[in-house]
Amino acid sequence: MAAPGHKKPDLSGSRPNPNNGSIVLLLSLFLLLLVFFIVLNAQSVQTAQRVRTVLVSLERSFPAFYIDPRLREPADPLASRAGTVFAVQRLDGLGNLFATAIAVAKVDSVTPGRLLEVRLPADELFLPGTADLRPDRIGLIDRVADALLQNRPGERIELDALLSIGPAGGPSQPPGPVVRAGALARLLIADGAPADAVTVGIERGAPGAVRLLFSLRAMDDAPGGGRR
């Protein structure tokens, strides 16, 4: 108790506030997050600028190589319309199926991102002397049918399968290219491929040869444009 005539000392300001440490810690955390997002935003802007620079460079170097305008904006980063980088990868994926499954298949990207050509002997798809699919090609046909079925918005993949008949036009060994062409179309459609995405035909060439043309087309294009 204070003596008479003396004031009791005020000690309220001499003790540190225990909440100050938490406030300083939270403030430091907020500042750290602010710096992180500033750096992240700066990197994003630089990346977008680099992408635009690459696209411009591609257009100047390859005038025939079409750059889909949607690739310039982040609204549709997965656009794969004919001629784009994604379209090239999509058609090349089909070519790789044949190159992996059939060693003698010849794959040629006729027009990158638009038209892919695969050449192979008919006996690599069918049992010799028949129109029956080889058992070891069932998986290949399944994946081709799946690729024809899974179209992206605004585009579709079409297949023109052309089987060769001899230059003289004489009779072929049974079952003949016409029967095999029909069998191939039925196999793909039964496996789920859209009927309007599969076209088969006969052409002059080495007997027993097959030419498969995969074309990536916009939905508003006329069908069957892949045949050459």
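Two residues are in contact when they have heavy atoms within 4.5 Å. Keep that in mind for the tour: among contacts in the protein chain between residues at least 6 apart in sequence, 64% join residues at least 24 apart.

Before you click, note that this is a predicted model, where local features need pLDDT of at least 70, side-chain atom pairs count only at pLDDT 80 or more, and totals for chains, interfaces and linings use all residues. Residues are numbered from 1 along each chain as its sequence is written, and side-chain values use heavy atoms, with hydrogens and water left out.

**Stop 1: the whole chain.** Show the cartoon and look for 4 helices and 5 strands. Helices (H or I, at least four residues) and strands (E, at least two) are DSSP runs, numbered from the N terminus. The chain has 228 residues, and 32% of them count as buried; buried means under 20% relative accessible area, with a 1.4 Å probe and protein chains only.

**Stop 2: helix α4.** Select residues 176–190. These 15 residues reach 21 Å from the first C-alpha to the last, close to the 21 Å expected at 1.5 Å a residue; the expected span is 1.5 Å times one less than the number of residues. Now colour its buried residues, among them R180, A181, L184 and L188. What do the buried residues of α4 pack against? Their neighbours are α3 (138–149), β3 (155–165), β4 (198–204) and β5 (209–218).

**Stop 3: an aromatic pair.** The whole structure holds 1 aromatic pair. Select F98 and F214: their rings are tilted, 6.0 Å centre to centre, with 50° between the planes. Rings of Phe, Tyr and Trp (its six-membered ring) pair if their centres lie within 6.5 Å; planes under 30 degrees apart count as stacked, over 60 as edge-to-face and the rest as tilted. F98 sits in helix α2 (residues 85–101) and F214 in strand β5, 116 residues apart, and the pair links these distant parts of the chain. Are these two residues buried or exposed? Both F98 and F214 are buried.

**Stop 4: the core.** A nonpolar core is a set of buried Ala, Val, Leu, Ile, Met, Phe, Trp, Tyr and Cys residues joined through side-chain atoms within 4.5 Å. The largest one has 34 residues, and those with the most contacts inside it are F98, V118, L120, L188, L212 and F214. Two or more residues each come from α2, β2 (115–121), α3, β3, α4 and β5.

How values were computed. Buried < 20%, exposed > 50% of the residue type's maximum accessible area, 1.4 Å probe, protein only.
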